[in-house]
Amino acid sequence: MSTAATQETLARQLALVIDLNVCVGCHACVTSCKEWNTSGAAGPLADLNAYGAEPSGTFFNRVQTYEAGSFPDTQTIHFPKSCLHCEEPPCVPVCPTGASYKRAEDGIVLVDYDKCIGCSYCSWACPYGARELDAERKVMTKCTLCVDRIYDELLPPQDRKPACVKACPTGARLFGDIKDANSEVSKAIRERGGYQLMPEWETQPANHYLPRAVVSVSGRDVGMNVENGHLQMPADDADAPEPVLEA
Amino acid sequence: MNPALSIIIFTTLAGAAQGLAVVLALSQLLGAGLDNAFVARSLWVAVALAIVSLVASFFHLGRPLRAWRAAMMWRTSWMSREVIVLPIFILLVGLWAGMLTFSARPGDVTAFLPLAVIAVSALLWYCTAMIYACIRFIQEWAHPLTIVNYTVIGLASGLVLAGALGVAWGQPQFAAHLGAWAFAVTTLAWLTRVLALRRNARLKPKSTLQSATGIKSPGIVQKSMGMTGGSFNTREFFHHASVAAFRRMRVIFQLFAFALPLALVVLAVASGWSAAWLVAVPIQLAGVLAERWFFFAQARHPQNLYYQVVS
């Protein structure tokens, strides 16, 4: 294993691309992620008070829900969020032990659970809240992009994908190498206006999100303007980007 | 951020230990003519405070037995640097105290040790403060005032402690000599802390729900954070105190860390009631503990944008 140095540009960067058009907020990726990772190399992941009033546990992936616009022109956006595997991960250089690292070969940001002292400093240094200290093991945990799965040659090739990607019933999660211009994820980012979260901190997240395309539903054009990120509401779609998909 | 008691105690006591050691070192270098036995006992106090602070810092770790690993990444991590410099500080102060205590000719201590203690103390303040100041998206911390405040507040608490030790161990002239310095540095600490408070009050968060989600619609609200019972994300990054308690703490820490110690130092010097120094120590200690609580509580972490609504 080799570790990427700061400022190093990697030849390969694995990432997820989340399609906000089709995520229906079913949380299948959340439970599938939990199941795979609590049983595998990254686990076990704590579940505290699982049957009580306030269950709390370690998850690498969450699906959140947002609402935009004002009634009646509102849209509900389901928003999966996991570690974005930044190309400039602020969580890595702050780690005092070297337990937090970014792999040079594929850009995955990982934690070596045997070296982690559980000081939580890396979680402070992540603006996205992508890291969770496991309440039982007392070490920092995070999305591994299912590193113990995607390279497993005992699995059929079509299964060598992160558990969340395999679980998504609508195909809202794409997985691939964003440094390969011909990959599915690179094409999706390029052609569909894929964007990064909190660009103001220049962490260069590898994971991207695909904004809602403008679609025509019952004569109303709704969606999200790829250019400016504004939600497209029924009234004016003069500057709506092409292609306009017909529902 | 959610203030951690272990870190509050650690930074408060270590800061006081550094301040005390620096005051003693400067006094030696400037030829204050202090009794060697007094300097030695006071240095042992600094060693004890630093060791207690080190023990407190272990309580912040999930895996304290692996703490030695924290010295590994000194090339990139300010925390790693702090972990290296703190034991050096304890060793240097302990060495100096040991030489004064056990050497047959304590007068032989050269200027090297006091100079080294001053340098390492300054370095330790810098490392501690940079742990916070280097996180660019915690805007309340990412400013040189964080470094200034850790240093000057540590120095102020060291001066008051040194004065109290002087009174307690029969060196009232030393305490009297420190009066003006304690007054000046505590005033400066209050001033720079108020500057930080003013800056924080005017800060405009760079991250918004729009930049966090990429959905630029002005009316965006969270409807669900994705879980009902909370998680590490809801526990670690918010202080969970009421707005009223938070505001009260801002007044309390300024009163106890700065205003009351200043009044007591003035009282001690002006009226000759030297016991005021002894009263000032616990008051200032409580004040700096409150100041540290507020330092953490006031820091708004951008990840909180993602954890607003349960349902």
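How many residues of chain B are in contact with chain A? The structure is a predicted model, in which local features need pLDDT of at least 70 and side-chain atom pairs pLDDT 80 or more, while totals for chains, interfaces and linings use all residues. Residues are numbered from 1 along each chain as its sequence is written, and chains are lettered from A in the order in which they are written.

Select chain B. Its secondary structure comprises 10 helices and one strand, taken as DSSP runs (helices H or I, at least four residues; strands E, at least two) numbered from the N terminus. With a radius of gyration of 22 Å, close to the 19 Å of the globule rule for 311 residues, chain B is as compact as a globular protein of that length; the radius is taken over C-alpha atoms, and the rule is 2.2 Å times the number of residues to the power 0.38.

Next, display the side of chain B that touches chain A. Here 46 residues of chain B are in contact with 53 residues of chain A, contact meaning C-beta atoms, placed from the backbone, within 7 Å. Helices α3 (78-102), α7 (209-213) and α8 (232-236) and strand β1 (221-224) of chain B each supply at least two residues of this side. The most come from β1(B), with four.

Finally, select β1(B) together with strand β4 (residues 61-70) of chain A. These strands run antiparallel and are joined by three bridges; pairing requires at least two DSSP bridges. Within this pair, A:T65 stands opposite B:S224.

Methods. Contact = placed C-beta atoms within 7 Å.
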